[in-house]
Amino acid sequence: MKRKITVRGYGTECIYPDQIEVRIGLESHKQSYEETIACAQEQVAQLSSELMRCGFTREDLKTEKLNVETAYESRRGEDGSFRRYMDGYICSHFLLLRFSKDMELLGKVIEVIAQSPAEPDYSIRFTFKDRNAAAEMLLKEAARDARERAEILCKASGVKLGRLIRIDHNQGEPDVYSTTEYSNDAVLAPAVIKKSALTDMKPEEIRLTGTATFIWEIID
């Protein structure tokens with residue numbers, strides 16, 4: 001039976017964010033389904049129109065999720081007990097605006113959102129564009145690391161590294177976002193937004209890690 005050595009290699013890369021993602025949440029609440037949908041469409045149209053003044057197109061504002069559900073409220077009856085009554089419909093519309101990292105432009109975008117009469121919620125995250133290239137770098141680094149480890153172990157054991165038999169790589173998608181996040185319920189509340197604060201943001205680098213397992217033959 002052939003002897004084998006199994007080594008796991010690790011790849012690590014630090015990437016500075018070059019892309020911004022702004023997620024926007026809109027909510028409309030009306031008594032009829034038709035009024036609710038019409039209000040939601042009006043909110044998006046108005047927000048899209050304002051963002052176009054910043055240089056975006058209508059296609060730049062993407063819908064991530066759209067949900068319409070029946071609204072209820074609790075009312076006390078004559079017997080003192082509470083009952084649920086239908087109170088129209090609620091439409092929750094979640095949008096995504098993605099653009100190259102430009103802090104001045106981000107300041108304009110947040111200003112538009114903060115001044116919207118729909119009072120949307122929003123969050124800001126920093127990521128990077130070329131995820132395929134990053135994944136390739138991680139795998140190459142993991143392969144180099146595994147071979148170096150295997151050669152050290154073989155040398156220390158008085159044997160030689162033979163042919164590569166197998167590679168296992170079943171890692172899930174890495175987290176491709178910076179740990180730096182902002183939202184309008186935290187430090188960037190609309191009442192205290194300042195463009196200078198946005199311009200001076202320094203997002204943390206994105207630290208990516210990847211692993212792969214390699215199996216080689218051992219030669220005496």
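The legends below describe close-up views of a predicted model. Local features need pLDDT of at least 70 and side-chain atom pairs count only at pLDDT 80 or more, while totals for chains, interfaces and linings use all residues. Residues are numbered from 1 along each chain as its sequence is written, and side-chain values use heavy atoms, with hydrogens and water left out.

**View 1. An open sheet of five strands, paired in the antiparallel sense.** The strands follow the order E3-E4-E2-E5-E7, where strands are DSSP runs of E with at least two residues and helices are runs of H or I with at least four, numbered from the N terminus, and where two strands pair if DSSP finds at least two bridges between them. Strand E3 (61-76) and strand E7 (181-183) stand at the edges with a single partner strand each, so one side of each has no neighbour in the sheet. Neighbouring strands are turned by 20 degrees against each other on average, direction ignored (axes are lines fitted to C-alpha atoms, for helices over the stretch in contact, and angles run from 0 to 180 degrees between N-to-C directions).

**View 2. Two helices pack on the sheet.** Helix H1 (residues 33-52) touches strand E2 (19-30), E3 and strand E4 (82-100), and its direction makes about 150 degrees with that of E2, contact meaning heavy atoms within 4.5 Å. Helix H2 (residues 103-114) touches E2, E4 and E5, and its direction makes about 5 degrees with that of E2.

**View 3. Arginine 125 and the ring of tyrosine 177.** Arginine 125 stands opposite glutamate 181 in E7, and lies over the face of tyrosine 177 at 4.0 Å from the ring centre. The charged end of arginine 131 also sits over the ring of tyrosine 177, 5.7 Å from its centre; a charge sits over a ring if NZ of Lys or CZ of Arg is within 6 Å of the ring centre and within 35 degrees of the ring normal.

**View 4. The aromatic pair of phenylalanine 56 and phenylalanine 99.** The ring centres lie 5.4 Å apart and the planes stand at 65 degrees, so the pair is edge-to-face (rings of Phe, Tyr and Trp, the last by its six-membered ring, pair if their centres lie within 6.5 Å, with planes under 30 degrees apart counted as stacked, over 60 as edge-to-face and the rest as tilted). Phenylalanine 56 lies in the loop between H1 and E3 and phenylalanine 99 in strand E4, so the pair ties together parts that are 43 residues apart in sequence.
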